[in-house]
Amino acid sequence: MKDNYLASRVVGLKPSGIRKFFDIVATMKDVISLGIGEPDFVTPEPIVEAGIRSLKGGYTHYTSNSGLFELREALADHINDRYGVAYDPRSEIIVTVGVSEALYLAMTALLNPGDEVIVPTPCFVSYQAEVILAGGVAVELPTCVEDNFLVRAETLEAAVTPKTKAILIGYPNNPTGAVATHEMMMEVARIAEKYDLVVISDELYDQLVYGVPHVCFPSLPGMKERTILLGGFSKNYAMTGWRAGFAAGPAEMIQGLVRVHQYTIMSAPTMSQMAALEAIKNGQPYVEEMRAEYDRRRKLIVGGLNQLGLPTFEPHGAFYAFPQVAVSGMSDEVFAQMLLEEEKVAVVPGNSFGAGGDGFVRCSYATAYEKIEEALHRMDRFMRRHG
Ligand SMILES: Cc1ncc(COP(=O)(O)O)c(C=O)c1O
């Protein structure tokens with residue numbers, strides 16, 4: 001028997017720092033978790049009802065590989081209404097099993113072995129892993145709090161090599177809460193054009209912005225042709241468990257994704273597609289309601305963390321605060337571990353999200369207001385001992 005049957009690209013994947021941490025949390029009692037990366041709200045009732053109705057109505061079969069046509073049409077209208085980008089629902093949109101699958105499809109469809117993808121960090125934990133799984137090379141580009149965690153044009157341009165195929169950006173950002181400015185997006189667009197690169201833009205949190213606009217990357221001049229836009233339902237509509245998302249882009253690229261999808265997934269779950277259709281058509285008031293509550297919690301947590309001496313950049317999107325923990329004299333990992341052991345508050349070490357996250361921890365405010373108040377109280381006690 002061989003020592004290891006696993007492919008080297010799988011053996012080479014680092015276990016997710018978040019998982020490791022939450023395995024410990026799961027064994028403890030009375031923990032307040034600011035670690036969760038999903039809405040605490042349950043899916044709004046009419047969306048749930050649409051899913052149930054579809055099952056009871058006999059929609060228990062596969063859909064077209066690309067997804068229910070009605071949903072693709074609704075998505076095309078939705079993107080066009082919000083951002084003025086026109087996608088053809090027949091060939092330029094695919095419905096996927098969340099943005100997770102869309103990322104996998106994009107990487108698998110685009111990358112030849114050794115192709116490089118520039119990945120600004122800190123970022124969603126799957127980005128680098130997906131590049132590696134598809135045989136590509138993830139070129140990490142750390143961003144910093146001094147730049148509001150935005151991509152700096154000079155460093156991006158310096159990272160481009162003859163092997164660079166794509167840039168993978170995610171704004172509003174998980175874990176920092178940063179929202180890209182128009183100026184930053186224009187610089188990324190300029191560099192993508194200059195070096196003929198594909199841009200994969202993960203805009204899963206597009207509707208969760210507070211007082212600033214979301215810039216939809218493919219809406220920039222000339223960018224639709226070279227962008228794969230990823231989006232979905234998990235965060236905006238509190239639908240993580242339904243596993244529905246989409247990718248939109250030029251037909252040639254999207255049909256490449258469809259080819260991989262048809263041999264791996266076939267079609268996204270039908271009931272989830274029906275629920276997603278309801279979300280797109282009638283979900284807006286619920287999004288507004290949840291966003292208002294996130295904003296209330298955002299103000300509480302950002303103000304609270306700063307007050308207890310942990311410098312916290314003001315996040316304008318998603319539902320994460322990203323305080324710097326150096327004043328405690330601890331690394332982000334030690335800080336998270338000690339805070340959990342001593343005060344039973346779970347946060348995620350920033351380095352789980354790449355080198356750009358070193359020295360920070362991610363605190364999700366997708367948890368009840370009162371729990372955030374109690375977590376801040378416990379953290380205050382912790383900082384009095386360790387500040
Ligand atoms: C930036 C980002 N992209 C993608 C995902 C995965 O989302 P989905 O549930 O649509 O697969 C997440 C989940 O946390 C995320 O934060």
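Helices (H or I, at least four residues) and strands (E, at least two) are DSSP runs, numbered from the N terminus. The model is a predicted one, so to speak: local features need pLDDT of at least 70, side-chain atom pairs count only at pLDDT 80 or more, and totals for chains, interfaces and linings use all residues. Residues are numbered from 1 along each chain as its sequence is written, and side-chain values use heavy atoms, with hydrogens and water left out.

Let's start with the ligand. Its shell takes in G98, V99, S100, F124, Y127, N174, D202, L204, Y205, S234, K235 and R243, where a residue belongs if one of its heavy atoms lies within 4 Å of the molecule. Helix α5 supplies the largest share of this shell, three residues. Sorted by class, the shell holds five nonpolar, four polar and three charged residues (Ala, Val, Leu, Ile, Met, Phe, Trp, Tyr, Cys and Pro count as nonpolar, Asp, Glu, Lys and Arg as charged, and the others, Gly among them, as polar). An N or O atom in the side chain of S100 sits 2.6 Å from a ligand oxygen atom, and a polar side-chain atom of K235 is also 2.6 Å from an oxygen atom of the ligand. For R243, the distance from a polar side-chain atom to a ligand oxygen atom is 2.7 Å. On its own the ligand has 400 Å² of accessible area, and the protein covers 92% of that (Shrake-Rupley method, 1.4 Å probe).

Most residues other than glycine have a negative phi, and most peptide bonds are trans. R243, in the loop between β7 (227-232) and β8 (245-248), has a positive phi near 60 degrees. N174 is joined to P175 by a cis peptide bond with omega of about 20 degrees, and P175 lies in the loop between β5 (164-170) and α8 (182-194). Another cis bond links T121 and P122, with omega about 5 degrees; P122 is in the loop between β3 (116-121) and α6.

Next come the helix pairs. Helix α5 (residues 98-110) packs against helix α6 (residues 126-133) at about 35 degrees, with axes 9 Å apart. Axes here are lines fitted to C-alpha atoms, for helices over the stretch in contact, and angles run from 0 to 180 degrees between N-to-C directions. S100, L103, Y104 and M107 of α5 meet S126, Y127, E130 and V131 of α6, contact meaning heavy atoms within 4.5 Å. Five of the residues in this contact are nonpolar, two polar and one charged.

Definitions and conventions:
Polar contact = N/O pair within 3.5 Å; in protein donor to acceptor, adjacent residues only side chain to side chain.
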